[in-house]
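I opened this entry to record what I looked up, item by item, with the cut-offs noted beside each term.

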Amino acid sequence: MSEQQTPSMTPIDALICDDDLQAMKACIPFLNPREQPFFLAFAKFMEFRMSLRLISENSDRLQACSMEPAMRTPVHMLNYIRSYCSEAQRHTIDSLLNALQMLQLFQAMQNHPEKEGTSPADPTDYLTSMLSREQQQMFRQFSEAVQNENRSEGNAHGQ
């Protein structure tokens, strides 16, 4: 399996690193080895200077890179940074995401109210309560189709 190519820059990097600076950084490997450290340090200094300018301007450009409050969750953050990671890092993030999903499922099951005097709710109730209305409707339609198919097969075998 080939390594997924990562994006060239994060949105924050795009704010502090213009095309000229990117071109200079791209040239560094072609310079004399004695000159490379100077140009690397200069490029990083320019990025730092642009970062300070961005902060001091109190610019809306930085806020434009911000996520909506509803998207500021660990799950959304992990899914977002996943595209900037190596395959091994993505595997670790996938494991974390799976663990978070299981934790959310357990929390939903613990918080799901049971009616007094009844047996515990069907596990599918827990799962469907986590779906959107459209997804719940699709799940019901699928379940009904499967149940109808099972009844048809049962009637055919019972004859």
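I began with Met77, which lies in helix 5 (residues 74-82); helices here are DSSP runs of H or I with at least four residues, strands are runs of E with at least two, and both are numbered from the N terminus. The model is a predicted one, in which local features need pLDDT of at least 70 and side-chain atom pairs count only at pLDDT 80 or more, while totals for chains, interfaces and linings use all residues. Residues are numbered from 1 along each chain as its sequence is written, and side-chain values use heavy atoms, with hydrogens and water left out.

I then looked up the exposure of Met77 and found it partly exposed, with a relative accessible area of 48% (buried means under 20%, exposed over 50%, partly exposed in between, with a 1.4 Å probe and protein chains only).

**Aromatic rings**

I found three aromatic pairs in the structure, where rings of Phe, Tyr and Trp (its six-membered ring) pair if their centres lie within 6.5 Å, and planes under 30 degrees apart count as stacked, over 60 as edge-to-face and the rest as tilted. One of them, Phe38 with Phe42, is stacked, at 6.4 Å centre to centre and 15° between the planes. Phe38 and Phe42 are four residues apart in helix 3 (residues 36-56), and are therefore separated by about one helical turn. The rings of Tyr80 and Tyr84 have centres 5.8 Å apart and planes at 55°, so this pair is tilted. Tyr80 is partly exposed at 36%, as is Tyr84 at 26%.

**Glu47 and the cysteines**

Glu47 is found in helix 3 and is buried, at 12% relative accessible area. Beyond its neighbours within four places in sequence, I noted contacts (heavy atoms within 4.5 Å) from Glu47 to Ile16, Cys17, Leu21 and Lys25.

Cys17 is itself buried, at 4%, whereas Cys27 is partly exposed, at 41%. My search of the whole structure found zero disulfides, a disulfide being a pair of cysteine sulfur atoms within 2.5 Å.
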